[in-house]
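Come along while I look things up.

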Amino acid sequence: MKAHNSLLILLLSFAAPPSHTQHSTVNASQVVDRWRAAVHSDKASHSALITTVSTEDGIPGTVQDWISNTDFRREVQRNIDESQLLLTKQRKERRDWNGWVRKVEGQELERFTTGVNEERVIVFGPPQEMGSAEVSESSDHSAYLLRYKPEGGWTTTWYIDAKTFLPLKSVRPGEDSEITTTYSDWRNAGGLMTPYHAVVAETEKPDYKWDCKTVQHKSTLSKDAFAPLVPGPSDETLAPNAPPIPFTMEANHIVFNVSVNGRPPIGFILDTGADQNVINS
């Protein structure tokens, strides 16, 4: 009888896993509710003005974002250039470093919409509709993963700390890449918990960081905050006696024959949409 009891205890010890490997499962709605409680979403205002310092492209700059539940405006000021982005119900446009204002549409609009939604979630907390997101757990059970597709955007995966229920990171598609933003230095800003530091990693690009300087929660923002973008002065001139410049169109690109350092001419592409000058040696 004693031998039988010993064998039964031994079998039970193999059948029951250690308690630290057990992890209760929750649904997406429960994760969102605890996330909202952790960041105090019930105190969220309807609008905010956020100022951050960014090192994107290795160039320091100041970023100001006016953001509400429906509208968004971004102004980027760097030593070498500036740009603006406006996404409202009426207008979706961008002003580039040359002061040119153009309409944003297609996949570019979807990409911008996804990034703006990510910021909106960070600033105001997750919306209740995220409770219908696809949920899973990380392999080490330290985080819940919420896969959420915002309206008009692409699916973003949020990693939520299983202990604090604050976001650890978000992963979203970029332009032929994947963008991972890791959040840290959470502080109370106007009653809401907000990350003041983040590191952004994008496929085949150097990592960069942003640091939040101020977060001003407001009941409303002025109408001027979301006014149409104003084009800058033209930066192009052409003398009336300028000679014709021959070029060819190849694969929808403007190609010039250019000689460098006395070498025989070769084809150079003129890409007016590029923000950098590049010569392939």
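Before anything else I noted what a cavity is: on a 1 Å grid over the protein atoms alone, it is a set of points where a 1.4 Å probe fits but cannot get out, and its lining residues have an atom within 4 Å of a point. This is a predicted model, where local features need pLDDT of at least 70 and side-chain atom pairs count only at pLDDT 80 or more, while totals for chains, interfaces and linings use all residues. Residues are numbered from 1 along each chain as its sequence is written, and side-chain values use heavy atoms, with hydrogens and water left out.

**Entry 1: the whole protein**

I looked up the secondary structure and found three helices and 16 strands. Helices (H or I, at least four residues) and strands (E, at least two) are DSSP runs, numbered from the N terminus. Of the 281 residues, 38% are buried, and buried here means under 20% relative accessible area, against over 50% for exposed and partly exposed in between (1.4 Å probe, protein chains only).

**Entry 2: the cavity**

How many cavities of 30 Å³ or more are there? I got one. The largest cavity holds about 30 Å³ of space; grid points are joined across faces, edges and corners, and the volume is the space filled by probe spheres set on the points. Its lining is made of W35, V39, V121, I122, G125, P167, W186 and M193. I saw that α2 (28–39) and α3 (106–124) each give at least two residues to this lining. Sorted by class, the lining has seven nonpolar residues, one polar and no charged ones. For the classes, Ala, Val, Leu, Ile, Met, Phe, Trp, Tyr, Cys and Pro are nonpolar, Asp, Glu, Lys and Arg are charged, and the others, Gly among them, are polar.

**Entry 3: two serines**

Is S45 buried or exposed? S45 counts as buried because its relative accessibility is 17%. I found S45 in the loop between α2 and β1 (47–54). The S45 side chain reaches the backbone oxygen of S47 at 2.8 Å. Beyond its neighbours within four places in sequence, S45 is in contact (heavy atoms within 4.5 Å) with F124, H217 and K218.

Next I turned to S219, in the loop between β13 (208–218) and β14 (248–250). S219 has 57% relative accessibility, so it counts as exposed. Setting aside neighbours within four places in sequence, I noted that S219 is in contact with H46 and S47. S219 and A44 are 175 residues apart in sequence, yet 9.3 Å apart in space, C-alpha to C-alpha.

Notes:
1 Å grid on protein atoms, 1.4 Å probe; cavity = no way out; pocket = protein on both sides within 12 Å on 5 of 7 lines; lining within 4 Å. Polar contact = N/O pair within 3.5 Å; in protein donor to acceptor, adjacent residues only side chain to side chain.
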